[in-house]
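Start with the sequence and structure below.

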Amino acid sequence: MTANRLGRRRYRREADLIVIGGGLQGCATALFAVRRGLSVIVLEKDSVGRHASGVNAGGVRRLGRDPAEIGLSDRAMALWRIIAEIVDDDCGFKTLPHVKVAETDAELETLVERAATLRGMGYEHEQVVGRSALRRLLPAVADHCVGGLTSLDGYAIPWTTTAAFRRKAEAEGVLFREGTAVSSVASDGAAWCVTAGGAIFRAARILNCAGAWGGQIAAMVGDHIPIKAIAPMMIVTQRLPPFCDAVVGTVGQPLSFKQMPNGTVLIGGARLGHADAEAGSADLRFDELRRSAKTAIAVFPIMRGATIQRCWSGIEGRTPDRLPVIGRSPRSEGVFHAFGFSAHGFQLGPAVGEIMTELIANGSTQTSIHAFEPARFECVANGPGDH
Ligand SMILES: Cc1cc2nc3c(=O)[nH]c(=O)nc-3n(C[C@H](O)[C@H](O)[C@H](O)COP(=O)(O)OP(=O)(O)OC[C@H]3O[C@@H](n4cnc5c(N)ncnc54)[C@H](O)[C@@H]3O)c2cc1C
């Protein structure tokens, strides 16, 4: 590319669509939107994939989702299976079982009920397994575990995935501006004017994919969407001999557990550190990490001698009902939101990209997103929220 052409791209300030936030949701939408013929600029305050999308556990999970999310999650799974065709990179995606382990008969009963409820809704992907089938899936599971719920899902490498979507989108004409924090959004009557990094960008349509900061961007266009910054934490151990070929959770304790092909074990779950969205930092809480480690040892006694290699945490946005905010702004024409994925949005990313593109380009989408309407919080706009 000549210096002249590079210069023109660097200084482009107008597009059909401005995406605020270069996480997986923003990068996936940018790619599908440019393929739909829209010109797109992505504005990212830090660097692409710097926050939740680059540091998460990589669980590509349908198991255990809120029923409202299953249609969206199924659509995402279909895209994960062809991810290499979409972004020219396999994103480290592997299909393998996810298993939710019951440690007591009462827990197993809740899983049986859950599977029956889903079957009643027409979903067959979650299957109950008893004691011996659980051991076939997880030979190293502790003796006291009585069964579980399983579905054939998978995992991928988060950073690789987000970078692949960005790389492909950029190659197809999307302009990414990193280190470019959006500080205001205002209408000039004809278009939205987005002030970021000392410049003004204009577009008829804006998509807010700002993750834990999505509430701040929403407020700039008059939408009040309660969102709390949370800091899920991860542990990675030194290598162990292969003993687990599934992604494992438990009913009674927050746990997400998988052994990587190199033998290291990745332990996460819903245990949280301290998130400071203002500073953009997430700190570890060692008492909570200790609890995660204890749960892992209780379910897999082989973990007792494992050595922790590294721990980290990332910032994510959580809504009061733990469902994402996906859809059009209740107040501002041409503004769309896709944020607040409440610690389970990595799997949904590719489908969110397609759905937001359909909404923005066509005005509707065939996947049901009713439960995610940004307007659902309107009546509690002045309430205490989830803080
Ligand atoms: C430790 C951890 C483990 C997780 N594990 C899983 C898992 O196993 N499976 C799963 O499905 N999900 C998981 N998640 C959740 C998943 O990572 C997120 O739901 C998903 O990545 C959210 O993507 P996003 O694009 O909405 O947000 P982000 O990746 O946070 O992207 C938002 C971007 O917006 C930018 N931004 C914010 N404000 C502005 C502004 N004013 N101007 C410009 N840019 C701005 C930010 O800098 C950020 O880069 C996990 C999350 C964490 C933290």
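A polar contact here is a pair of N or O atoms within 3.5 Å. The model is predicted.

Two elements each give two or more residues to the shell: α2 (24-35) and α3 (52-55). The top contributor is α3, with 3 residues.

In total, 37 residues surround the ligand. Glu-44, Ser-53, Gly-59, Val-182 and Glu-316 are the closest. Sorted by class, the shell holds 17 nonpolar, 15 polar and 5 charged residues.

Backbone atoms of these residues pair with ligand atoms as follows.

| Residue (backbone atom) | Ligand atom | Distance |
|---|---|---|
| Gln-25 (N or O) | oxygen | 3.2 Å |
| Lys-45 (polar) | nitrogen | 3.0 Å |

**Asp-153**

Is Asp-153 buried or exposed? Its relative accessibility is 0%, so Asp-153 counts as buried. The cut-off for buried is under 20%. Asp-153 sits in strand β6, which spans residues 147-155.

Which backbone nitrogen does the Asp-153 side chain reach at 2.8 Å? That of Arg-62. A polar atom of the Asp-153 side chain also lies 3.0 Å from the backbone nitrogen of Leu-63.

Beyond its neighbours within four places in sequence, Asp-153 is in contact with several residues, including Val-60, Arg-61, Met-77, Lys-94 and His-98. Arg-62 and Leu-63 are also among them.

Notes. Residues are numbered from 1 along each chain as its sequence is written. This is a predicted model: local features need pLDDT of at least 70, side-chain atom pairs count only at pLDDT 80 or more; totals for chains, interfaces and linings use all residues. Side-chain values use heavy atoms; hydrogens and water are left out. A residue is near a molecule or strand if one of its heavy atoms lies within 4 Å of it. A polar contact is a pair of N or O atoms within 3.5 Å; within protein, one must be able to donate a hydrogen and the other to accept it, and residues adjacent in sequence count only if both atoms are side-chain atoms. Helices (H or I, at least four residues) and strands (E, at least two) are DSSP runs, numbered from the N terminus. Ala, Val, Leu, Ile, Met, Phe, Trp, Tyr, Cys and Pro count as nonpolar, Asp, Glu, Lys and Arg as charged, and the others, Gly among them, as polar. Buried means under 20% relative accessible area, exposed over 50%, partly exposed in between (1.4 Å probe, protein chains only). Contact means heavy atoms within 4.5 Å.
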